[in-house]
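Dear colleague,

Here is the structure I said I would pass on. My notes on it follow below.

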Amino acid sequence: MPSKKIRAEKSNEEAFAELEAGFVRCDDLLAVMDFDEEADREGFYVLPSAGDGVIGKYAFLRDMENETPNIIVRKSVYQKLCDADHALKKKEGYENCQIIVTYGYRTFDIQKRAYEEQRFKLKQSNEQLSEEELREATHRLIAFPDVAGHPTGGAVDVTIFDYRKGKFLDLGTEIGDLTTKDVYYASENISKAAKRNRKVLRAVMGEQGFAPYDGEWWHFSYGDKEWAYYMHRRQSRDGSVSALKYHYQQKEISEIEIAYNDQFLKQSKSVADHQVRVSLAVQKEGRLTEETLAIFKRSGINITRDKRGFLAKSDNFPLDLLFVRDDDISNLVDAGVADLGIVGKNVYLENASQSIIIKELGFGKCFLALAVPKNSSIKSTYDLDGRRIATSYRNSTLKFLKDHNVTGAQIIDIAGSVEIAPLIDYADAIVDLVSTGSSLQQNKLTVIDKILESQSIMIVNRNIQNDSEKKAIIDRLMDRIESYLTAKQYKRVLMYVPRNCLDQVLAELTGIKTGEPSDERLELEQKQASEKSAVLGMPIVMPVYGFEDWYTIQVIIESASLWKKIEVLKENGVTNISFDDIEGIVQ
Ligand code: PRT
Ligand code: ZN
């Protein structure tokens, strides 16, 4: 009897191997290069989390929950899912069923981490595999990051739920269970009912133009590389021609514009409208806008922006953004129209704002410079008497001249293209902002003095001190921003270190030499612990599974010194150094 069972298992393995041979390969997807730029402009949509239509609910995989608490997908994908859901309800026996999406958009970083983990596991148990075989085997379970569909917002994991009975249909395995090959669409080992359910799911999704993946019954995609490849292959079989173009590129979470469906907005609005809210003025469109909005995205504050609109309300934080011209920001905060503002310090100073600076935000760095033509007889600020200075920073310039006791210079106000004024003999000198200096160089100008340094700052209306409710909200807001700004300064670094180099590397990373008396060491550690960055700096050391002579070290390093540190580490025998951004640090 036992021999029969073994034979059965073997043929089972063979059957699976045969199926695997038909799966789309990572290699095939790497060859899909062209994409449709227009289609890629499409934004994202937040799936509703309740109701009897298509809903989104994380199930087996929860690694995206902190990034996007509600599952998000491309807008067309949502539309197609709705259509698939309608089609499902028309099928006999599925009238009370709905499509539940358990996974949608995923960040590239998370994809990469999951892939590396899976690859590592496979490598341990299949040492004979070549690099390429290992990649393909891993890809069958977790898509190779560069070609993965979930980071495009086009791929979804779906299953069917009967909302009358309150239970999921039998689809042969749990969704996402990568421990059994019965998740392969065509596995023979599942019940008749499960086979039918898989077929129905595939049919309703297929009719809407989704491409299935044979290695996971739940995975479908639209617009990604896998979809493009699948459609191309199918059409080539039909004899119809098709260009091999995918629609959706992978997106960073910070690049995503998210729209909310009406239902979602209604839910959040009713909560939001009764609360005390703070308003923050930001630049509508310009140099500061992108980084400003990134702060909110990275701080977990949803901002749904209507490009034409002046106002955007967050639905998960009592904050409203006012989109205005940057020159108006400090005035609006001074007047109390906005409670807060994010603005260049140059504007704040030029407008002699009465608001209070509560935080330097570290981006939009530049300085206000006094510049003259390279061949000018003006060599310093003191040569400016009787000369013409073109600028849009009248107040800052006058103050600067007064501080230097230069009283005989004439200010010429101009709004734009200040740097060409000397060329056309409209002025002898200019005062303008400089960041890279290339604009000055192009116009053959040279800096003779710096008037002020600038960067973007958070300002708050003076009277907010008296409003305890608003003040509490601002404190919460600043905590979040602080966490993001702190995190931005660091990278999380992972490295592999041979045992014999470990002491040296740890000494390098901590500044604590080994072999020193333990009291001294303790003292050093306590000293480091009192400085907040040093606590973060303490490395974590772990053994490497299967390699006795190797360790991994995880450590947090300041972004600014990252490359210098990496060079030193390499000299000390460290290999495979990888690093990541940190999402936030709460101290
Ligand atoms: O329409 P709106 O009034 O809102 O925008 P704006 O045109 O007044 O402002 P915008 O978007 O140009 O700049 C907004 C803020 O960015 C400024 O107030 C500064 O705080 C900050 N910032 C940082 C700069 C620069 N760097 C900068 N380089 N603002 C302007 N420039 C100009 C500079 O004057 C030069 O003409 O960019 C040009 C190129 O500079 P170089 O040195 O890199 O060649
Ligand atoms: Zn999937």
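**Helices on the sheet**

Helix α10 (residues 289-298) lies across β10, β12 and β13 (340-344), and its direction makes about 175 degrees with that of β12. Please keep in mind that this is a predicted model. Helix α11 (residues 326-334) also packs on the sheet, where it touches β10, β12, β13 and β20 (456-460). The angle between α11 and β13 is about 145 degrees.

**The sheet**

The sheet is open and has 6 strands, in the order β11-β12-β10-β13-β20-β14, with mixed pairing. β11 (311-313) and β14 (356-360) are at the edges; each has a single partner strand, so one side of each has no neighbour in the sheet. From one strand to the next, the twist averages 25 degrees.

Strands β10 (residues 278-283) and β12 (residues 319-324) run parallel and are joined by 6 bridges. Among the residues involved, S279 has D320 in β12 as its bridge partner.

**The zinc site**

The zinc ion (ligand 2) is coordinated by H150 through NE2, D157 through OD and H219 through ND1, at 2.0 to 2.1 Å. Along the chain, the donors follow the spacing H-x6-D-x61-H. D157 belongs to strand β5 (residues 155-162) and H219 to strand β8 (residues 216-221), so this pair ties together parts that are 62 residues apart in sequence.

Buried is taken as under 20% relative accessible area. D157, at 3% relative accessibility, therefore counts as buried. H219 counts as buried too, because its relative accessibility is 8%.

Regards

How values were computed. Residues numbered from 1 in each chain as written. Chains lettered and ligands numbered in written order. Predicted model: local features only at pLDDT ≥ 70, side-chain atom pairs only at ≥ 80, totals over all residues. Heavy atoms only, no water. Pairing = 2+ DSSP bridges. Helix = DSSP H or I, 4+ residues; strand = E, 2+ residues; numbered from the N terminus. Axes fitted to C-alpha atoms, helices over the stretch in contact; angles between N-to-C directions. Contact = heavy atoms within 4.5 Å. Donors = N, O, S within 2.8 Å, 3.2 Å for Na, K, Ca; no water. Buried < 20%, exposed > 50% of the residue type's maximum accessible area, 1.4 Å probe, protein only.
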